[in-house]
Amino acid sequence: MGNLNDVDKSVQSQMQTTTKQKTGAGGVIGGVVGGLCFPRDTLITMDNETTKKIQDIKIGDLVKGIDIEGNLETKEVIFIKEPSLTKSQPVELYTDRGSLITTIDQEVYRNGEEIKLSDIRIGDYITMLSPSSYKSRAKVLDIIKLNSNDITYHFDVNGFNFFFANGFAVAGLN
């Protein structure tokens, strides 16, 4: 576990790992049935502003999330998808505030709406959580397709199903 500032350190580490993944040196990225997923080391922001790797999330954990209007709230983990192999195109989303490895079908929160990464364009802004503001934005710089078929993780939270992965507002499974 760490604090919100650890997200930036993790992003740098994850970006270094991605270079290895792109060259076939291994790594964990990918998707689950339905195409929503994250690598095992993705950092989830907990309700107390620490972070926890997605592989360590348990039912009943309390995480930071947003309501349907984009307001910050505590969410309870109510379902955990069995870790599984990728079924969708893995990608890395690069922004001016860090990166996130997920699948092209993953939904993020942009300007008050849910949107799939496949519909995001370079220059769009998506919602992030930061120590200074939970409604900060990150400018999309690139989305790169990755080659992998590894084990990935995902879960659902109560209510409006959005939580923070590597600081980005992302949708749960449903």
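Predicted model: local features only at pLDDT ≥ 70, side-chain atom pairs only at ≥ 80, totals over all residues.
Trainee: OK, so is Q106 buried or exposed?

Mentor: Q106 counts as buried, because its relative accessibility is 0%, and you will find Q106 in the loop between strand 7 (98-103) and strand 8.

Trainee: Which backbone oxygen lies 2.9 Å from a polar atom of its side chain?

Mentor: That is the backbone oxygen of A171, which lies 2.9 Å from a polar atom of the side chain of Q106. The backbone oxygen of A171 also lies 3.2 Å from a polar atom of the side chain of H154.

Trainee: Where does H154 lie, and how far is it from A171 in sequence and in space?

Mentor: H154 lies in strand 12, and although H154 and A171 are 17 residues apart in sequence, their C-alpha atoms are 9.7 Å apart in space. H154 counts as buried as well, because its relative accessibility is 1%.

Trainee: Why is strand 12 described as largely enclosed?

Mentor: Strand 12 covers residues 151-157, and six of its seven residues are buried, so the rest of the structure largely encloses it.

Trainee: How does strand 12 pair with strand 5?

Mentor: Strand 5, which runs over residues 72-85, pairs with strand 12 in the antiparallel sense, and the pairing extends over six bridges. To find one place where they meet, look for F79, whose bridge partner in strand 12 is D156.

Trainee: New topic: how many aromatic pairs are there?

Mentor: The structure holds five aromatic pairs. One of them is formed by Y109 and F162, which is edge-to-face, with 5.6 Å from centre to centre and 70° between the planes. This pair links distant parts of the chain, with Y109 in strand 8 (residues 107-110) and F162 in strand 13 (residues 162-165), 53 residues apart. Both Y109 and F162 are buried.

Trainee: And why is the pair of F155 and F163 called stacked?

Mentor: The ring centres of F155 and F163 are 4.2 Å apart and their planes meet at 25°, so the pair is stacked, given that planes under 30 degrees apart count as stacked. F155 is buried with a relative accessible area of 1%, and F163 counts as buried at 0% relative accessibility.

Trainee: What sits over the ring of Y125?

Mentor: The charged end of R137 sits over that ring, 4.0 Å from the centre of the ring of Y125.

Trainee: What about the backbone, say phi of N111 and N166?

Mentor: Phi of N111 is near 50°, a positive value in a residue other than glycine, and phi of N166 is likewise near 50°. N111 is in the loop between strand 8 and strand 9 (113-116), while N166 is found in the loop between strand 13 and strand 14 (168-171).

Trainee: Is each one buried or exposed?

Mentor: N111 is exposed, with a relative accessible area of 58%, whereas N166 counts as buried at 0% relative accessibility.

Trainee: Last one: what is the mean pLDDT of the protein chain?

Mentor: The mean pLDDT is 79, and 75% of the residues reach 70 or more. Over residues 1-35, however, the pLDDT is below 50, and this stretch has 92 contacts in the model beyond near neighbours in sequence.

Technical notes:
Residues numbered from 1 in each chain as written. Heavy atoms only, no water. Buried < 20%, exposed > 50% of the residue type's maximum accessible area, 1.4 Å probe, protein only. Helix = DSSP H or I, 4+ residues; strand = E, 2+ residues; numbered from the N terminus. Pairing = 2+ DSSP bridges. Phe/Tyr/Trp six-rings, centres within 6.5 Å; stacked < 30°, edge-to-face > 60°. Lys NZ or Arg CZ within 6 Å of the ring centre and 35° of its normal. Polar contact = N/O pair within 3.5 Å; in protein donor to acceptor, adjacent residues only side chain to side chain. pLDDT = per-residue confidence, 0-100. Contact = heavy atoms within 4.5 Å.
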